[in-house]
Amino acid sequence: MHPAKATAAAVTTLIGIGAATVAAARYAGAAALNSSPRRPPPGDPGVTVHATAPGRITLTRDLTTLRPGVYGLEGAGADGERVHAVVGPVLEEAPHEAHTVVRRLKRVTRGSLEPGTTVRLTPYVHTGDPGSALGLDFENTDVMGELGALPAWFVPGSRATWVITVHGLDATREHPLNVLAFLHRHRMPVLDLAYRGDAGAPRSPDGLGHLGDSEWRDLDAAIRHAVRHGADRVILYGWSTGAAMALRAATSSSVRHHVSGLVLDSPVLDWEATVRALARARRTPGALLPLVVRAAQGSTGAHGDRLRAAADPDGLRVPALIIHGPGDTVAPWGPSRALAQARPDVVTLHTVPDAAHAAMWNADPAGYEEVLRRFLTPLM
């Protein structure tokens, strides 16, 4: 081949490879940020139901089924019907084969757990709304946000300090139901918010999640709603990206003076690390990960500096409880620990070992609620 033609062919090939690489990075970045409610965590293929008996269920033995605590069990039955159950602790004394584990089966709330069914452990212990799931009186209400009406559940209480709960990645407002009964027992009004991209709420203009960088404005609208409806103070309680939203609202909202405390469960404090973790779990080649982060930032406008500024230790003005652990593979635990070490005057860190992302309550419900009680009591 003529040298000039060979050079042109090589350049064309390199351009083609470069374009394909950029396209793959953009696709992976969009996949990491495209929220899908109740989507299985990346890299979680599920486990098999081997047998059931009164109060017991036998599952494939792996790291997820050996975790301590209480979890939802979700899957699809043979007829395609959604299955949901609740499992408790591992029953080590129960007879089982080496490749299985037996857990307490607390209840089956939907469908049938037949042998061979593929299921996965999730943080969702409850399904439905506060009435059907917990027997609590509640109201369906709308919070008016900048993109339109945001549906919310309001559970009334006698105190003037409201709690606004906000879920995180690939979750729904059913997730905060885990702690709703606890908050209700302490007579705290609770506003459980759905925000942009959730079912019944407006879509984000680009259809993507921004890891809290734009969604926090829906939480800002919820604070205004609470104040208009009688709240003297609000406590922002967020999981995952919802915790990032809470931090951003506490530092950037024009009504932040009404915020008296923060509860941050599995907070996303380093959004680039979370994008990398999500992309890596979806088997994105390691060489592409830096491009994935840049592609995610370019496609959404999410700005790492703004997100990091919200977690600046010097910006915290109210007490904050962080509940997190080193087992979280989605939101690194290191930034939570660093924030607590930098501001021990206002930040309390409760470390939960052996807990998956946003499943800190599930790993130890009683211990979690006692820590929550001690933190909230002076703020009530």
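**Salt bridges, patches and buried residues**

Me: Which residue meets the side chain of Asp345 in a salt bridge?
Reply: This is a predicted model, in which local features need pLDDT of at least 70, side-chain atom pairs count only at pLDDT 80 or more, and totals for chains, interfaces and linings use all residues. A salt bridge is a side-chain nitrogen of Lys or Arg within 4 Å of a carboxyl oxygen of Asp or Glu. For Asp345, the N to O distance is 2.9 Å, and the partner is Arg343.

Me: How many salt bridges does a search of the whole structure find?
Reply: The pair of Asp345 and Arg343 is a salt bridge, and so is the pair of Arg373 and Glu370, with N to O at 2.7 Å. The search of the whole structure gives a total of 11.

Me: Which helix holds Arg373 and Glu370?
Reply: Helices (H or I, at least four residues) and strands (E, at least two) are DSSP runs, numbered from the N terminus. Arg373 is partly exposed at 32% relative accessible area, and Glu370 is partly exposed at 31%. Because they are three residues apart in a helix, about one helical turn separates them, and that helix, residues 365–376, is α11.

Me: Which residue forms a salt bridge with Glu370 across a closest N and O distance of 3.4 Å?
Reply: The residue lies in helix α11 with Glu370, four residues away, about one turn of the helix. With the closest N and O atoms 3.4 Å apart, the partner is Arg374.

Me: Which strand gives the largest share of the positive surface patch?
Reply: Patches are made of residues with over 30% relative accessible area and no salt bridge; like charges are joined within 9 Å, nonpolar side chains (Val, Leu, Ile, Met, Phe, Trp, Tyr) within 5 Å. This patch is formed by Arg56, Arg104, Lys106 and Arg107. Arg104 counts as partly exposed because its relative accessibility is 37%. Three residues of the patch come from residues 100–110, which are strand β5.

Me: What percentage of the residues of the chain counts as buried?
Reply: The chain has 11 helices and 14 strands. Of the 380 residues of the chain, the buried share is 52%.

Me: Which residue just after α3 takes a positive phi?
Reply: Most residues other than glycine have a negative phi. Just after α3, a phi of about 60° is taken by Arg187.

Me: What is the phi of Leu211?
Reply: Leu211 lies in the loop between β10 (190–193) and α4 (216–228). Leu211 counts as buried because its relative accessibility is 5%. Its phi is positive, although Leu211 is a residue other than glycine, with a value near 55°.

Me: What is the phi of Ala358?
Reply: Ala358 sits in the loop between β14 (347–351) and α10 (360–363). At 10% relative accessible area, Ala358 is buried. Ala358 is not a glycine, yet its phi is positive, at about 60°.

Me: Which residues does Ala311 touch, not counting residues up to four places away in sequence?
Reply: Ala311 is in the loop between α8 (304–310) and β13 (320–324), and counts as buried at 15% relative accessibility. Its C-alpha atom is 8.9 Å from that of Thr251, 60 residues apart along the chain. Contact means heavy atoms within 4.5 Å. The residues touched are Leu247, Leu269 and Leu339.

Technical notes. Residues are numbered from 1 along each chain as its sequence is written. Side-chain values use heavy atoms; hydrogens and water are left out. Accessible areas come from the Shrake-Rupley method with a 1.4 Å probe; for residues, only the protein chains shown count as cover. Lys and Arg count as positive and Asp and Glu as negative; His and the chain ends are not counted. The place of a charge is taken as NZ of Lys, CZ of Arg, CG of Asp or CD of Glu. Buried means under 20% relative accessible area, exposed over 50%, partly exposed in between (1.4 Å probe, protein chains only).
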